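Please open the model in your viewer and keep the selection tool at hand, as each stop below begins with something to select.

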Amino acid sequence: MTASLPDVYSMPLDAIDVSDPKIYQDDVWHPYFERLRREAPVHYCRESRYGPYWSVCKYNDIMQVEINHGVYSSELGGIAVEDPPKGLERQSFIRMDPPKHDEQRKVVGPIVAPANLAEMEATIRERTIRVLDGLPRNETFDWVERVSIELTTMMLATLFDYPWEDRRQLTYWSDVAICNVHAPESPVHSEQEKFDELKKMAERMAELYNERAKQPPKFDLLSMLAHGPATQNMPLREFMGNLTLLIVGGNDTTRNSMTGGLYALSRHPGEYQKLRDNPELIASLVPEIIRYVTPVIHMRRTATQDAELGGRQIKKGDKVVMWYVSGNRDADAIGDPDSFIIDRPRPRQHLSFGFGIHRCVGNRLAELQLRILWEELLPRYPVIEVLAPPCRTYSNFIHGMRSMPVRIPA
């Protein structure tokens with residue numbers, strides 16, 4: 001990381017472009033935002049591969065954009081700094097403004113209601129135990145493949161009541177949905193190919209959806225969509241978009257936090273020891289992992305009218321990007337934000353789940369899965385050696401981790 005520091009601090013301010021996926025893949029994004037938070041917390045990038053955009057880098061400014069959905073729309077231009085591909089757009093409730101957003105979100109909300117989470121806990125724990133008990137000792141293996149992907153894929157299959165033997169299809173579709181098609185490791189290499197694969201996903205899901213529509217309502221996402229007044233007659237692209245949203249939402253935050261959390265503890269041995277000495281700290285460890293990893297790097301809005309933000313004049317139609325990775329490292333809002341501290345006094349004060357009407361609907365489920373993982377991991381394997389940093393995805397949207405070699409001492 002230090003090799004990039006002189007470049008960041010010597011380049012002209014208006015030349016800084018934090019939309020470059022490479023800075024996240026190489027994990028060198030910190031100094032860019034450190035400089036922007038200090039010198040231009042609301043920063044205009046005139047030229048990028050995604051066109052001109054505003055970067056919102058401070059915690060309180062991000063909150064202003066989040067809560068003012070009348071001025072900053074999710075619907076006009078989508079939720080990513082990269083515009084939706086022309087002719088291949090896929091609508092979903094995260095890309096909607098009220099009232100339609102509220103109506104569709106309300107349909108799936110009950111699946112993560114407290115009573116249902118309490119019912120899920122025993123199932124999640126039993127599966128977590130089985131996965132952990134199957135890990136090899138004194139042998140190098142990929143934590144992402146053996147633990148993070150396996151646990152989140154099981155959860156997805158449960159949420160959709162998807163055929164168990166085919167559950168890895170859900171992981172594949174999630175990877176397709178969030179991939180940057182220009183990355184060599186991407187499962188698809190054009191927006192048309194991505195659209196075609198997600199259309200196959202929608203067709204398979206439609207078979208199950210139609211079956212559930214003929215049955216009494218059940219407590220899975222497809223049944224909820226099939227019986228929800230706001231979602232039972234969605235056009236194909238909206239069906240595709242909402243399924244993609246629910247698959248990615250149920251997968252990426254948790255999967256990458258499961259990997260990023262272990263990596264953070266390995267980099268902070270004092271905190272790791274603190275956790276071993278006092279497992280009750282898992283309650284504050286989990287939100288600190290989610291803050292520190294920040295699985296969703298940014299969310300974008302589009303200005304519906306001229307507005308003032310952080311002393312800068314935003315024009316109607318401007319692209320406004322909230323960089324959660326930066327807001328979560330804002331020292332004016334979070335004490336010692338670059339440190340990983342598992343016993344923070346207010347650990348849930350972070351932006352990783354968003355805020356306001358678009359706050360992640362499954363945030364409590366993500367926290368539950370992480371809590372159970374660490375509750376079962378610590379007594380079994382008090383030490384897990386991380387042998388190399390995670391291999392990261394080429395993306396400016398998801399802080400994805402493709403692999404991470406680890407070893408459990410015999």
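This is a predicted model: local features need pLDDT of at least 70, side-chain atom pairs count only at pLDDT 80 or more; totals for chains, interfaces and linings use all residues.

Residues are numbered from 1 along each chain as its sequence is written, and side-chain values use heavy atoms, with hydrogens and water left out.

Select T302 in strand β5, residues 298-303 (strands are DSSP runs of E of at least two residues, helices runs of H or I of at least four, numbered from the N terminus). T302 is buried, with a relative accessible area of 6% (buried means under 20%, with a 1.4 Å probe and protein chains only). Beyond its neighbours within four places in sequence, T302 is in contact with V71, Y72, S73, L76, G77, G317 and D318 (heavy atoms within 4.5 Å).

Next, select D27, H30, R267, Y292 and R329, which lie nearest the centre of the second largest pocket among its 23 lining residues. Helices α3 (30-39), α12 (252-267) and α14 (282-293) each give two or more residues to this lining.

Finally, select β4, β12 and β9, which form an open antiparallel sheet in that order (strands pair if DSSP finds at least two bridges between them). Because β4 (141-142) and β9 (385-386) each have a single partner strand, they stand at the edges, and one side of each is left without a neighbour in the sheet. Strand β12 (residues 405-407) is joined to β4 by 2 bridges, and P405 in β12 is the bridge partner of D142.

Note on methods:
Buried means under 20% relative accessible area, exposed over 50%, partly exposed in between (1.4 Å probe, protein chains only). On a 1 Å grid over the protein atoms alone, a cavity is a set of points where a 1.4 Å probe fits but cannot get out, and a pocket is an open set with protein on both sides within 12 Å along at least five of seven lines; lining residues have an atom within 4 Å of a point.
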